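Subject: Structure handover

Dear colleague,

I am passing on the structure that we discussed, and my notes on it follow below. Please read them beside the model itself.

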Amino acid sequence: MSVTIAIEPYDRHLPLLERGWTTASGVELEFRSVGQLADHLHGRDRHERFLHEREFDIAELSLSSYLMYRQDHEDVIALPVFPRRMFSFSNVWVRRESKAASWADLKSAVIGVPTYQMSLGVVARHDMAVVEGVDWTTMTWASSHPENVELDAPVRRLAASSLAEALGSGEIDAVLTPEIPADPEFRRRTRRLYGSRSRTIELGQLRTCGYAPVVHLVAARTSVLERHPDLGRELVDVFTSSQEIAWDRYNDPGWGLSFWGALALEEQEQVMGRSCWTHGLDPNRRALLDFCGAAVAQGILRTAPDLDRLFWT
């Protein structure tokens, strides 16, 4: 028996894609490199292909999309595997000539996002209020893609064909995105809203909150896990093993393109060790509760869910 698993090719996932994996119960794991916004070896639009086209047995999925989907469906259930975590302050872009230096300078502005419901958007709007004291409802939100799951929220579609084009033309005042636009002119014409200050702010968040915000989890077809009851637990172990291999690779300072990548990772470990990437429900309960509370406040969830019912046990 084999199952298909669609994931992003992060450094921590490369060991999954490089070698064959078979669980102790004999299930062959077929990992596929599928992007969401970026086109990888097996294509893109991973979330839609999993939720709507039912192309994969298991997939890395946006936390917000999963929570929204689970409000009305139980054919998919999450595993306590959290492969993508992102802070918000380092992922906001404005035109280079903009005078804005913080979210406070963008009150009444138009903010471009891939989708309103994207998990990084939930995190950013929460951070605006909690860290900066900024009311995100004073801003207009404009999306470049249709929402993965229908929702009633204050968002409109861009007239421009892309976030980069919309920012360049002045249709929007800032871009909040988990992936930098591929347009080669984007970096030349833009800058990060918080610049180098974002690193200090985010390290402070890591120390204060004790977690890096979760934006993706791994979800499976409920029917697959019902046929293979041990598979959920085994997959947590597999993803954990892959992550440990990735950590060890950074013992070679030349592993990444950045000359200082190993130094940055050492600084991160000094703040919180490796626990900020730990899988499992209990170690991530606070992060998930904060996210769910923010999603309710932002109109993405109707009510806060019972976390224990959302994960396979």
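Helix 4 has 14 residues and spans 19 Å from its first C-alpha to its last, which is close to the 20 Å expected at 1.5 Å a residue (the expected span being 1.5 Å times one less than the number of residues). Please bear in mind that this is a predicted model, in which local features need pLDDT of at least 70 and side-chain atom pairs count only at pLDDT 80 or more, while totals for chains, interfaces and linings use all residues. Residues are numbered from 1 along each chain as its sequence is written, and side-chain values use heavy atoms, with hydrogens and water left out. Helices (H or I, at least four residues) and strands (E, at least two) are DSSP runs numbered from the N terminus.

Among the residues of helix 4 that are buried are Leu120, Val122, Val123 and Met128, where buried means under 20% relative accessible area, exposed over 50%, and partly exposed in between, with a 1.4 Å probe and protein chains only. The helix is followed by Gly133, whose phi is positive, near 70 degrees.

Together with strand 7 and strand 8, helix 4 (residues 119-132) makes a right-handed β-α-β unit; right-handed here means that, with the strands pointing away from the viewer, the path from the first strand over the helix to the second runs clockwise. Strand 7 (residues 110-113) and strand 8 (residues 140-143) run parallel and are joined by four bridges, with Ile111 standing opposite Trp141. Two strands count as paired if DSSP finds at least two bridges between them.

Elsewhere, six strands form an open sheet of mixed pairing, in the order 2-3-1-4-12-5. Strand 2 (21-22) and strand 5 (76-85) stand at its edges, each with a single partner strand, so one side of each is left without a neighbour in the sheet. Within this sheet, strand 1 (residues 2-7) and strand 3 (residues 28-33) run parallel through six bridges, and Ser2 is partnered with Glu28.

Two exposed loop residues may also be of interest. Trp260, in the loop between helix 9 (231-249) and helix 10 (261-272), is exposed at a relative accessible area of 59%. Pro283, in the loop between helix 10 and helix 11 (285-297), counts as exposed at 55% relative accessibility.

Best regards
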